[in-house]
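Here is a friendly walk around a protein model for someone meeting it for the first time. Have a look at the sequence and the fold, then read on.

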Amino acid sequence: MSLSISSDRPRVENTDTTERAGSAMRLPAWLPRSVFLGGIALTAALFVWGGWERRWIADDGLIVLRTVRNLLAGNGPVFNAGERVEANTSTIWTYLVYAFSWLTQARLEYVVLGIALVLSGGAIVLGMLGTGALWRGLGRRSAATLLLPAGALAYIAVPPARDYATSGLESCLVIFWIALLWLLLVRWSLRPPTTASVLILAFVAGLGPLVRPEMVILAGLALLMIFLAPGTWRLRASIVAVAGAVPVGYQIWRMGYYGLPYPNTAVAKDAGGAKWGQGFTYLWNLVGPYWLWLPLLVLAVAVLVTRPWSGAGAASGTEGGSAVARLQSRLRTPGAVVAVILVTGLLLMIYSLRVGGDFMHGRVLLPVLFCFMLPIAVLPVRIPAREDWGRTRSTALFAVGAGAWLVTVIWAISVSNSSGMPNGTVVGKSGIVDERNFYALNTGHAHPIRAEDYLDYPRMRAMVEAIANTPDGGLLLPAAAFTYWDVVPPPEPIPEGGAGHTVYFLNLGMTSMNVGLDVKVIDQMGLAYPLAAHTKRLDDGRIGHDKALYPDWVVADTGMVDIHPWLPWYMDEDWVADAKVALTCPETQEVLASSRGELTRPLFIRNIKRAFDYAKYRFDRVPAYEIQRCNLVPPPPVEPR
């Protein structure tokens, strides 16, 4: 195989294929294309069907819908009206659901379900189209070569992939964006790029941080590659402008509006912290039970042995010019695109390991698996001529390719209905659960989708009843028993219509979607509650749940009655009094004002300037220690010591 270099694009001349043309089986011209397109349709259909069979919306998925409800009601992109908190990690997912909800006026849960299934199936289609274009561009144009679904089958076979094809979370959007960017990059590397195609590619890549913050890894690598590739400086300036327009504009607005440089979820979970040991536990929790290494290894070996790219990969300008020019020319090659997607998968995996993974079985590693799968989403299998069967090297290569594909299919069938976590409905030592089965068991619904399905979750019906039975308002705290809530009343005089309700509970989604927007819903972790978000992380806490603000702070913060017998028996009046003093800490007040204060122009500008400082601010969850930290005067004892 040799490479012919032109002035504007790489062109592969597969002389090895030409020399052996007579030894290749001549298939009907329509067959390879039909097999390829049929494989795409079948794989995508299986994924959509599998997602539908495992359809559900997670509690965390319902959190997004609370923000969408506020947007539709005119309260802005907030979780609780009057407090500017970005409680959703994916900006685009939030506004995508909002847009289709506004357009269709359909029930929010069904809007999410429809979007998720479309994006999930679309991700498989785009990914396989990109890989098919890659192999055809690398010389696999022979009529005797079949492109069979391989890595794509491996991805959809893993149960968590089908669990999070719906779930109400942004997983479907993440893999769709990765697949779209993959397809655009492959086409960019194989065809003479036009200015329009490059700018479209740059725009899509620039959306990465808004798809999910860590997608800045793939976005950055892709943009760096197309920026450094051969081109004019005018084009490079346009790439920067087009790629940065939306994310940079949103980032400035986010910092001014929310007072943070990234979603509040990153503050609540301390995404910058390191929990390597838990991260490796999380990795093996996905890889081990499904033998996930097997199909990836088998397919990678098949590609290396058959070398379908042999002789390709050099780009225009490699026969002359400076070293810099030769390096630039190599950036616009299929090999460089494959390298970018694989390096992205590796870096995403390292990031996930560092932060400790997640508490949901497999979820945050799905983009990693998808990146590793893309270059082998389809596998080229070349069929030898009839007279050469059993006697030539081409027969051996066919056996390797076909064998790898067969192993992948058998593996996919065997794991598709397996359970990676047989006891996944129990929160064990690792803190990881099979989230879908957990909520199916605890709600009694095989497919918990609607908000009212979660009324059958422990405490939910009792919460609704407690709100109805306390027209004056109050703070609802979960009691030890699942059948009632402790309600701390507001101080008198009660305003006409009541003082309003605040619910303090960990499960934000099911709680907030089963109450009106006039009910404030906050959590111990701080996903929707800045006060809890800025507490220090618990070193030995469950991953994803390693913050827990004491309710004494909430009584003080909401201004409810702070003495017995109105306080629950397990709460200490002195702790509440200490929390009231601790809340007067100037630094804490400034951080809270960034999201609670009236959004004036001076506050907007101050938020932009101090956003990174606010994101790093932490205080002690023990009120007495916080008083010491801020050099405040402790209050006199309320109860006898």
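## A salt bridge to start with

Let's begin with arginine 107 and glutamate 452, whose side chains meet in a salt bridge with 2.5 Å from N to O (a salt bridge is a side-chain nitrogen of Lys or Arg within 4 Å of a carboxyl oxygen of Asp or Glu). Arginine 107 sits in the loop between α4 (91–104) and α5, and glutamate 452 in the loop between α20 (435–443) and α21 (460–468), so this pair ties together parts that are 345 residues apart in sequence. Helices here are DSSP runs of H or I with at least four residues, strands are runs of E with at least two, and both are numbered from the N terminus. Arginine 107 counts as partly exposed because its relative accessibility is 32%, and glutamate 452 is partly exposed too, at 29%. As for the wording, buried means under 20% relative accessible area, exposed means over 50%, and partly exposed is in between (1.4 Å probe, protein chains only).

A quick word on what you're looking at: this is a predicted model, in which local features need pLDDT of at least 70 and side-chain atom pairs count only at pLDDT 80 or more, while totals for chains, interfaces and linings use all residues. Residues are numbered from 1 along each chain as its sequence is written, and side-chain values use heavy atoms, with hydrogens and water left out.

Another pair is arginine 363 and glutamate 170, whose side chains meet in a salt bridge at 3.9 Å, N to O. Arginine 363 lies in the loop between α17 and α18 (366–373) and glutamate 170 in the loop between α7 (159–163) and α8, so the pair ties together parts that are 193 residues apart in sequence. Both arginine 363 and glutamate 170 are buried. Then there's the salt bridge between the side chains of glutamate 590 and arginine 610, at 2.7 Å from N to O. Glutamate 590 is partly exposed with a relative accessible area of 23%, and arginine 610 is partly exposed at 31%.

## Patches on the surface

Which residues form the nonpolar patch on the surface? They are Trp276, Phe280, Val343, Leu346, Leu347 and Ile350, with about 510 Å² of accessible area together. Patches are made of residues with over 30% relative accessible area and no salt bridge, joining like charges within 9 Å and nonpolar side chains (Val, Leu, Ile, Met, Phe, Trp, Tyr) within 5 Å. The areas come from the Shrake-Rupley method with a 1.4 Å probe, and for residues only the protein chains shown count as cover. Helices α14 (276–290) and α17 (334–355) each supply at least two residues of the patch, and α17 gives the largest share, four residues. Valine 343 lies in α17 and counts as partly exposed because its relative accessibility is 36%.

There's a positive surface patch as well, formed by Arg33, Arg136, Arg187 and Arg191. Lys and Arg count as positive and Asp and Glu as negative, with His and the chain ends not counted; the place of a charge is NZ of Lys, CZ of Arg, CG of Asp or CD of Glu. Arginine 187 is in helix α8 (residues 171–190) and is partly exposed, at 38% relative accessibility.

Most residues other than glycine have a negative phi, and most peptide bonds are trans. With that in mind, check the cis peptide bond from glutamate 492 to proline 493, with omega near 5°. Proline 493 lies in the loop between β6 (485–488) and β7 (501–504). A cis peptide bond also joins histidine 564 and proline 565, with omega about 10°, and proline 565 is in the loop between α24 and α25 (573–582).

Serine 167 has a phi near 70°, a positive value in a residue other than glycine. Serine 167 lies in the loop between α7 and α8 and is buried, with a relative accessible area of 0%. Arginine 459 has a positive phi too, about 85°. Its place is the loop between α20 and α21, and arginine 459 is buried at 16% relative accessible area.
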